[in-house]
Amino acid sequence: MPSFERQVITLVNQHRRAKGLRPVRRSPTLTKAARWKSRHMARYRYFDHADPSGRSPFQRMWDCGFHRRMALGENIAAGQRSPVAVVRAWLNSPGHRRNIETAAYRFIGVGAAHRAGSQYGWYWTQDFGR
C-alpha cells in the first residue's frame, strides 16, 4: 500500500503544480489517520466519513496526532483499483477537486486498503491539513 499512497501524493502534487499551487507534503500524523480510515472501512465494510461510532474525520485526525485545526479536509473513495483511477475520480467530483485544489492545505496523508470479497475491494482516504 505505501507505494499506492506515494503515487496518489505524486499525482495530487502534479495536479496542484499545473494549477500554480504549492505542493502538499506528506504528514506522518495525517497518514496515520488516512490509513486507519481506509483500513477501518475495509474491515468493517462501510463507506462514510464518520466511523460507525460517529467520530468525525476531524476528530480522527486530532486523535492520530494532527493538532492543527485551521483548515482540514478529507476525500474518501471506494472501488478504484489504482492511484490514477482514484485521483481521476476525485478530480471529476467538484467537492473532492476543491479539497485537492485548496491553496491553504500544506499537508496530506493518504491511506489505501484492500479487502477481497468486500463490496468495493479498494478503500481510499486523503486527509488534508494546514
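I began with Ser-38 and found its place in helix α2, residues 28-44, where helices (H or I, at least four residues) and strands (E, at least two) are DSSP runs numbered from the N terminus. I noted that this is a predicted model, in which local features need pLDDT of at least 70, side-chain atom pairs count only at pLDDT 80 or more, and totals for chains, interfaces and linings use all residues. Residues are numbered from 1 along each chain as its sequence is written, and side-chain values use heavy atoms, with hydrogens and water left out.

Neighbours within four places in sequence aside, Ser-38 is in contact with Gly-111, Ala-112, Ala-113, Tyr-123, Trp-124 and Thr-125, contact being heavy atoms within 4.5 Å.

Of its 18 residues, Val-8, Val-12, Val-86, Val-87, Trp-90, Ile-108 and Trp-124 touch the most other members. Two or more residues each come from α1 (2-18), α4 (83-91), β3 (107-114) and β4 (122-129), and α4 gives the largest share, 4 residues.

Last, I checked the helix pair α1 and α4, whose axes (lines fitted to C-alpha atoms, for helices over the stretch in contact, with angles from 0 to 180 degrees between N-to-C directions) come within 9 Å and cross at roughly 40°. Their contact includes Val-8 and Val-12 of α1 and Val-86, Val-87 and Trp-90 of α4.

Note on methods. Core = buried A, V, L, I, M, F, W, Y, C linked by side-chain atoms within 4.5 Å. Buried < 20%, exposed > 50% of the residue type's maximum accessible area, 1.4 Å probe, protein only.
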